[in-house]
Amino acid sequence: MPVRQLSEAVVNRIAAGEVVERPASVVKELVENALDAGAHRIDVLTDGGGCRLIRVTDDGEGMTRADLELAVERHATSKLENDDLLSIRTLGFRGEALPSIGAAARMTITTRRFSEPHAWSITVEAGEKSAVKPAGLSQGTTVEVRDLFYATPARLKFLKTDRSEAEAVRDVVRRLAMSRPDVSFTLAGEDRAPVTWGAAESDQIARLGDVLGADFRVNAIAIDAEREGVRVTGFAGLPTLSRANSLGQYLFVNGRPVRDKLLFGAVRAAYADYLPRDRHPLLALFVTLDAREVDVNVHPAKTEVRFRDSTLVRGLIVRALKDALAREGQRAATTGGSATIATFRPATAPRRGAYDWRRSPARPVGLVPMPGGATVGFAEAAQATFDVGGPAADAAVARFEPAADQIDRPLGAARAQLHETYIVAQTRDGLVIVDQHAAHERIVYERMKAAIEKSGVARQILLIPEIVELDEADAARLAARADELAHFGLIIETFGPGAVAVRETPSLLGELDVRGLVNDLAEHIAEWNDSLPLERRLMHVASTMACHGSVRAGRRLKPDEMNALLREMESVPNSGQCNHGRPTYVELKLTDIERLFGRR
Ligand SMILES: Nc1ncnc2c1ncn2[C@@H]1O[C@H](COP(=O)(O)OP(=O)(O)OP(=O)(O)O)[C@@H](O)[C@H]1O
Ligand SMILES: [Mg+2]
């Protein structure tokens with residue numbers, strides 16, 4: 001067949017395939033256009049998962065008649081100043097979204113710019129443009145898209161159920177809503193319960209709480225760090241708030257939601273110490289930098305970016321997250337605490353009106369309700385471990401009044417050990433329940449880590465050095481990091497251009513698949529520029545050893561031992577969760593307890 005120029009309609013359909021993958025991509029493009037138009041309020045409506053109908057209404061600047069006519073043409077945009085692709089400040093810039101949507105569906109745009117006497121509207125069906133007609137609309141723009149992919153039926157087959165398409169739409173709107181707390185959003189339609197996120201000028205955590213849930217709001221740490229003109233802000237969930245997948249990680253570059261491997265990798269590295277491989281934190285991070293330092297023109301969907309200095313960005317994120325986690329390491333998620341409260345409540349909350357227990361002298365004292373409704377005599381348990389005589393339960397409180405300095409410590413004064421597993425401590429304004437095994441495990445692990453950091457890792461010499469063949473670039477990259485690897489107990493040397501010789505390995509790792517480790521390292525260094533696999537393996541061993549060397553649940557502790565453990569938890573970093581990301585303690589505030597007993 002001879003070479004020929006494709007018709008505009010075919011070209012548009014091809015482009016549409018890249019830009020409009022599913023209903024959610026249409027919603028993304030339309031909402032981004034609304035944001036670029038300076039909207040303060042954006043309403044999204046979908047039906048049939050967005051396949052039957054998508055309508056996006058904004059109160060932005062709108063378009064003139066001439067703009068509208070051009071906007072649906074391919075490669076027509078108002079956003080590229082001086083044709084400068086190097087400093088893009090808007091979400092759109094390709095001039096492709098509207099013609100692509102128009103090529104795949106029936107699209108009607110109604111819009112009014114202030115300067116125009118009235119609104120105008122245009123319809124594009126399967127790439128066929130109608131004439132521009134006068135229309136009624138007071139301000140802004142409404143884009144209605146019906147029967148998506150009716151013009152490209154091949155794509156229809158790839159769509160998932162309406163329900164999962166509706167879910168994908170929701171995710172897109174959530175992401176954009178997170179990046180712009182100053183804009184109010186609504187999302188409605190037959191597919192869903194309507195949601196409204198009201199605008200709150202620059203109150204980021206409020207919007208994140210609205211979108212990600214109240215749990216996130218209370219269990220997130222603020223992040224704010226800057227280096228060489230790159231800033232990262234946002235909120236990172238405590239490790240105890242982890243998930244089984246990374247879908248709860250929202251990353252933004254200059255306000256643009258992205259799914260970037262480099263950023264995900266940085267998050268993984270930062271939490272490596274706190275979470276096992278199969279748990280993922282919840283977070284929303286916003287990277288801002290000079291538009292010239294980042295290329296957003298990587299993919300038609302504009303969800304990937306390239307940083308000019310990716311090492312800088314990655315390093316900054318890892319550092320910012322690690323610092324924040326270390327700073328707040330003693331804090332465990334309160335989720336456990338409130339769940340505990342919820343368990344307590346039905347079992348123990350007095351039925352109002354049953355009798356006026358507030359005035360009754362027989363108010364329960366010294367009794368700790370346990371989940372499931374059982375009650376444990378506080379004083380009895382205390383006697384068992386505190387070894388003080390005196391029977392009466394109601395005397396317990398006075399008898400064990402702890403030294404003032406202990407009760408003022410964050411984790412309070414140990415008062416009892418229950419079930420030979422939990423330490424109950426009294427604080428100035430509440431009580432703390434510690435899982436003694438989890439707490440001790442974290443302490444042992446942190447100690448081992450500190451020792452490794454201080455004096456390096458003990459090594460064992462291999463009888464015969466192991467030669468590992470790699471490609472030349474990998475071998476060179478590994479050799480360049482020989483010093484750092486030595487610190488972690490791995491001694492390597494170059495061995496010709498495409499191989500390294502491994503002479504010593506970390507004793508901690510014992511018998512080791514040297515080849516596997518070196519290959520992992522080479523791969524990781526090439527991709528992420530750090531030696532995380534080795535560190536991770538060492539830490540894994542350290543944490544396993546910590547786990548086995550720790551105070552087991554089921555061991556009876558003396559009061560001094562309990563208090564010593566509490567004091568150590570306060571001094572050790574990251575003691576709010578064990579190495580598996582579970583909390584090491586839960587705290588109940590007096591106010592919570594009073595609420596349980598109906599005193600508040
Ligand atoms: N909601 C809107 N309000 C005002 N103007 C709009 C709106 N949507 C689109 N436009 C105008 O139409 C033009 C074309 O929009 P389109 O989405 O096709 O391209 P773009 O946003 O410039 O680039 P991209 O293809 O990357 O999205 C925009 O540049 C803008 O001027
Ligand atoms: Mg656009």
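**A hairpin to start**

Modeller: Asn 254 has a positive phi near 50° in the hairpin of β12 and β13, which has 2 residues between the strands. Strands here are DSSP E runs of at least two residues, helices are H or I runs of at least four, and both are numbered from the N terminus.

Biologist: What kind of model is this, and how is the numbering done?

Modeller: This is a predicted model: local features need pLDDT of at least 70 and side-chain atom pairs pLDDT 80 or more, while totals for chains, interfaces and linings use all residues. Residues are numbered from 1 along each chain as its sequence is written, chains are lettered from A and ligands numbered from 1 in the order written, and side-chain values use heavy atoms, without hydrogens and water.

Biologist: Which strand pairs with β12 in the parallel sense?

Modeller: That is β14 (residues 283–288), with 5 bridges to β12. Gln 249 faces Leu 283 of β14.

Biologist: Why is β12 called largely enclosed?

Modeller: Because 5 of the 5 residues of β12 (residues 249–253) are buried, the rest of the structure largely encloses the strand. Buried means under 20% relative accessible area, exposed over 50%, and partly exposed in between, with a 1.4 Å probe and protein chains only.

Biologist: Which way do the β12 residues point?

Modeller: Gln 249, Leu 251 and Val 253 point one way, Tyr 250 and Phe 252 the other, and all are buried. In general, side chains in a regular strand alternate between the two faces of the sheet.

Biologist: New topic, the ligand. Which residues come nearest to ligand 1?

Modeller: Thr 77, Ser 78, Lys 79, Glu 96 and Lys 302 come nearest, out of 21 residues around ligand 1. A residue is near if one of its heavy atoms lies within 4 Å.

Biologist: How much of ligand 1 does the protein bury?

Modeller: The protein buries 94% of the 590 Å² that ligand 1 exposes when taken alone. Accessible areas come from the Shrake-Rupley method with a 1.4 Å probe; for residues, only the protein chains shown count as cover.

Biologist: Which elements give two or more residues to the shell around ligand 1?

Modeller: They are α2 (23–36) and α4 (97–104). α4 gives the most, with 3 residues.

Biologist: Is α4 mostly covered or uncovered?

Modeller: Mostly covered: 8 of its 8 residues are buried. The buried residues of α4 pack against α1 (8–19), α2, α3 (65–71), β3 (106–112), β4 (119–125) and β7 (140–146). Contact means heavy atoms within 4.5 Å.

Biologist: Where is Asn 219?

Modeller: Asn 219 is in the loop between α8 (214–218) and β10 (220–227). Its relative accessibility is 0%, so Asn 219 counts as buried. A polar atom of its side chain lies 2.9 Å from the backbone oxygen of Asp 215.

Biologist: What is the phi of His 419?

Modeller: Phi of His 419 is near 55°, a positive value in a residue other than glycine. Most residues other than glycine have a negative phi. His 419 sits in the loop between β19 (413–418) and β20 (422–427). With a relative accessible area of 56%, His 419 is exposed.

Biologist: What about Glu 420?

Modeller: Glu 420 has a positive phi of about 50° and is not a glycine. Glu 420 is partly exposed, at 29% relative accessible area.

Biologist: Last one. How many helices and strands does the protein have?

Modeller: The protein has 21 helices and 25 strands. Of its 600 residues, 49% count as buried.

Technical notes. Polar contact = N/O pair within 3.5 Å; in protein donor to acceptor, adjacent residues only side chain to side chain. Pairing = 2+ DSSP bridges.
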